[in-house]
Amino acid sequence: MPLNRFTKDGHPIKFVQGNEAVVWGAIHAGCRFFAGYPITPSTEIAEGMARELPKVGGVFIQMEDEIGSIAAIIGASAAGAKAMTATSGPGFSLMQENIGYAYMTQLPIVIVDVQRGGPSTGLPTKLSQGDTMQARWGTHGDYTAVALAASSVQEAYEATIRAFNLACKLSTPVIVLLDELIGHMREKLVLKKPEEIHEEPRSFPTVPPEWYLPYDIPSDFIAHPSPFGEGYRYSITGLTHDRAGFPTSISAEITERLEALREKIVVHKQEIWDWKEYYTGDARILIVAYGSAARAARGAVEHLRRKRFKAGFLELKSIWPFPDGPLLSAAKHAKYVFVAENCMGQLIHPVKEALAGTHIRVVSVTRYDGHPLEPAQIVHAIKEEI
Amino acid sequence: MATQLSEIHEYLRWRKRFPTVWCAGCGIGTIMNNMLHAIHDLQIPKDDIALISGIGCSSRMPIYVDFNTLHTTHGRALPFAIGVKLARPEMTVIVVSGDGDGLAIGGNHFIHACRRNIDITMILINNSIYGMTGGQVAPTTPLGARAHTAPYGNIDPPFDAVELALAAGATFVARSTTYHIIQNINYIKKALQHKGFSVVEIISQCPTLYGRLNGIPDPRDMLLWEKENAVPLAKAKKMSPEELKGKIITGIFREDTQKPEYTEQVYELIRKLSKSNGGK
Ligand code: SF4
């Protein structure tokens, strides 16, 4: 039966996997460069980009490994392209060094990690949320991560668009954390019309080349190194650098650089934070989850409400920097916070840190056998505890 | 000479960044000079050049020259350069890499860049040792030579970068030494003009580490060693393997203009598809 391909108000409808939604999100956000390496369960993103990018004038290249993939997108970003790669746990591990490079050099890129079971080769075809902390701490050195999340095909599309806009706005790598369930399941996807999509442009210098400081530290802390070939010849290096972009070993310049890199994320955290609340107004029991675990949590909270429990659910659509503000407000009346995760417990750590000053009891609900958490398991854990 | 010097000065960030980190007598500065002469002779505008490197003594070069410069992570200069070239095909993209950076940690990227035949010029500075980290064995260290991680003599058979590039499909492959500066300029010029992946390997001297560890601490002696051991390709063809032992075969090993260039193919596909897509 042919599907009705448009909503009443003219939005194209697709019935696709989360991974394909990422492809549409990237294309609609202005992504014109993709480099990747096949890895389950993210490969459909590379395949979709190979198919769609050349049609809109973009470049697709399959690299020899994940290290080459992320290096190529950072190179393309230095040359002015909006660029993305997609991978899963093992490939994400290989990319970590260069994620730090993109952070240090303030070159916007998007990395989609469709998480699978680990450690090591783990469970290539099964879900996990075990890269939650790798997204935060994976690269070496003092680093402040930006990571978004999605719990549906529609959200995977929207998170990808947002990731590009944030990357360009903040001049930093942005990670989209999906998992095997979200990447592979099929749902309805309603595409935006071009005029509805805000596309944050790459920024270009406004001063003449002789005044140009590519790594200046303005009041919003964001440097926007000029794309190559625009007449602003300057130095990009992963070495700790001064405002002109040259290596430095002067104490004041080192601390100033590291602080500016952190501050630019911290002062914009409210813009980065994204979340959804269900019944949090009077919730004595609050569930916190993201991605595939959020789907189970929604079921659990509906069930508990039907049984007259004062339960609420905070779904995180951005993970790093951790949305402690929204958590504190959603947990205002809470006695218990249950952190539901498809891994052995990682998200629980920033939750505990955020709630450290309260008397709220924080409990972990986990499943790590490659299968998704189910609402019943969360409900059961809650009933056991309270 | 005076004009020559000022010609080169125009390409250097000499007001800001000099002196360099390189030791006195190091060959890398010579190669930087040769590269700048080649660029100057070809009159390539500075704005159109992207100079990209990884990590190591050789990889410090981008810091000192007035181009669009990208000093990246260890071994990864080539994939970064591929990204730049594909996103800005009109740019002249040059990679400068040491033997450890380009052939050990970056070896996989090296063979794949050769295979793709993407229009990038790679200047591979081979001094047979890891300089920046203090003299460890490299994938080019000759058998028996000493390094700080081969204190009893190297037992790892070395790579021949030229053979590797040829086997992997690079379409311009040449080798020279820091003694042969005119030849270097010519080879780099040819490589820059060649449409496809070009490798110019330049045998260089690291007196501070390789030289001192192997009994030739004076850079002049190392240059004389290069001079005495360099054998032009035509002559080498008439020599036996025994006679060629320990020699440096120099010359242009391949100049193939038939193999399709990668960037052109990528954009050809884009042109074809965006036309059938209504130029969207
Ligand atoms: S250590 Fe060797 S290669 Fe490095 S700058 Fe000194 S002489 Fe040159």
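Strand E13(A) is covered on both faces in this predicted model. On one side sit A:Ala311, A:Phe313 and A:Glu315, all buried. On the other sit A:Gly312, A:Leu314 and A:Leu316, also buried. The strand spans residues 311-316 of chain A, and six of its six residues are buried, so the rest of the structure largely encloses it. Buried here means that 20 or more other C-beta atoms lie within 10 Å of the residue's own.

Now look at the strands that pair with E13(A). Strand E11 of chain A, residues 275-278, pairs with E13(A) in the antiparallel sense. Four bridges join the two. A:Trp275 stands opposite A:Leu316 of E13(A). Strand E12 of chain A, residues 285-289, pairs with E13(A) in the parallel sense, over five bridges. Here A:Leu286 stands opposite A:Gly312.

In soluble globular proteins, nonpolar side chains tend to be buried together. Domain 1 (4-196) and domain 2 (275-385) of chain A each supply at least three residues to the core.

Take A:Ile378 as a close-up. Leaving aside neighbours within four places in sequence, A:Ile378 is in contact with A:Ile287, A:Ala296, A:Ala297, A:Ala300, A:Phe338, A:Ala340, A:Val365 and A:Leu373.

Definitions and conventions:
Residues numbered from 1 in each chain as written. Chains lettered and ligands numbered in written order. Predicted model: local features only at pLDDT ≥ 70, side-chain atom pairs only at ≥ 80, totals over all residues. Buried ≥ 20, exposed ≤ 12 C-beta atoms within 10 Å, placed from the backbone. Pairing = 2+ DSSP bridges. Domains from an automatic or database assignment. Contact = placed C-beta atoms within 7 Å.
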